[in-house]
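The sequence and the model are shown first.

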Amino acid sequence: MPFTAENRKTLDATIAKYPVRRSALLPALRLAQEQDGYISPEAIAEIAEILGVSTAQVHDTASFYTMFNLKPEGKTVIEVCTTISCALGGSEGLMKRTCKKLGINPGETTADGKFTVKPVECLAACGGAPAVQVNGEWLENATDKDMDRVLAGETVYRPFEWPKSPGEPVLFKNVWTPGSQSIEVYKKN
């Protein structure tokens, strides 16, 4: 869908702030996604034409950033971190069980458009593994019961609370602890 007249005016004003038109690529993508809910091939072509770049450049940028969607997503988007801390904390199993309940595979959207479940790279919540975001809201130390509540339409929000005091060492807290490389010791501490 082409930009609405109002959004085109907004984009033109944004472009005017940059000495080089293509520098407005990220704001243009954000605007397209806000308008349509995702970035369609038509939006990619329109942005390329407006900014004077190739459609490949626009697509490459849109596909690089995880905050941009190249296909419609569900009303509730469940992003499950799959990097090392969360994987060790059980995120892949959590995602698979959630997808099984919905009858979809990771990365898919339910037929009714209600849910999308997708793996994502680091959510920067290693201390709260497994970490999940539901429509951008933190759900750390996520469990199957939490996911059941999300699927039932509840808002479940639980950020990992740290540091607890100024100057609390978090990153290197357990460096000299015997067995610190094991997940059991990590969880215990």
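**Basis and overall make-up**

This is a predicted model, in which local features need pLDDT of at least 70 and side-chain atom pairs count only at pLDDT 80 or more, while totals for chains, interfaces and linings use all residues. Residues are numbered from 1 along each chain as its sequence is written, and side-chain values use heavy atoms, with hydrogens and water left out.

The protein has 8 helices and 5 strands. Helices (H or I, at least four residues) and strands (E, at least two) are DSSP runs, numbered from the N terminus. Along the sequence their order is α-α-α-α-β-α-α-β-β-β-β-α-α. Of the 189 residues in the protein, 36% are buried. Buried means under 20% relative accessible area, exposed means over 50%, and partly exposed lies in between (1.4 Å probe, protein chains only). A contact means heavy atoms within 4.5 Å. Among contacts in the protein with a separation of 6 or more, 54% join residues 24 or more positions apart.

**The nonpolar cores**

In soluble globular proteins, nonpolar side chains tend to be buried together. A nonpolar core is here a set of buried Ala, Val, Leu, Ile, Met, Phe, Trp, Tyr and Cys residues joined through side-chain atoms within 4.5 Å. The largest such core has 20 residues, and those that touch the most other members are Phe 3, Leu 11, Leu 29, Ile 39, Ile 47, Leu 51 and Val 58. At least two residues of this core come from each of helix H1 (5-15), helix H2 (25-36), helix H3 (41-51) and helix H4 (55-64). H3 gives the largest share, 6 residues. A second, separate core has 16 residues, including Val 80, Val 117, Leu 139 and Val 156.

Not counting residues up to four places away in sequence, Ile 39 touches Leu 29, Gln 33, Ile 44, Ala 62, Phe 68, Asn 69 and Leu 70.

In H3 the buried residues are Ala 43, Ile 44, Glu 46, Ile 47, Ala 48, Ile 50 and Leu 51. Their cover includes H1, H2 and H4. After H3 comes Gly 52, which has a positive phi, near 75°.

**Helix packing**

Two packed helices are described by the angle between their axes and the distance between the axes. Axes are lines fitted to C-alpha atoms, for helices over the stretch in contact, and angles run from 0 to 180 degrees between N-to-C directions.

| Helix pair | Angle | Axis distance |
|---|---|---|
| H3 and H4 | about 120° | 8 Å |
| H2 and H4 | about 70° | 11 Å |
| H6 and H7 | about 35° | 10 Å |

Angles under 35 degrees count as roughly parallel, over 145 as roughly antiparallel, 65 to 115 as roughly perpendicular and the rest as oblique.

H3 and H4 are therefore oblique to each other. Their contact is made by Ile 44, Ala 45, Ile 47 and Ala 48 of H3 with Thr 55, Val 58 and His 59 of H4. By class, these are 5 nonpolar, 2 polar and no charged residues. For these classes, Ala, Val, Leu, Ile, Met, Phe, Trp, Tyr, Cys and Pro count as nonpolar, Asp, Glu, Lys and Arg as charged, and the others, Gly among them, as polar.

H2 and H4 pack at an angle of about 70°, which makes H2 roughly perpendicular to H4. Leu 25, Leu 26 and Leu 29 of H2 meet Gln 57, Val 58, Thr 61 and Ala 62 of H4. The contact of H2 with H4 has 5 nonpolar, 2 polar and no charged residues.

Helix H6 (residues 91-102) and helix H7 (residues 144-151) also pack. This contact involves Leu 94, Arg 97, Thr 98, Lys 101 and Leu 102 of H6 and Asp 144, Met 147, Asp 148 and Leu 151 of H7. The contact of H6 with H7 holds 4 nonpolar, 1 polar and 4 charged residues.

Asn 7 lies in helix H1 and counts as buried because its relative accessibility is 17%.

Gln 133 belongs to strand S4 (residues 132-134) and, at 13% relative accessibility, counts as buried. Leaving aside neighbours within four places in sequence, Gln 133 contacts Val 77, Ile 78, Glu 79, Leu 123 and Trp 138.

Gln 57, in helix H4, has 41% relative accessibility and so counts as partly exposed. Its C-alpha atom is 9.4 Å from that of Leu 25, 32 residues apart along the chain.
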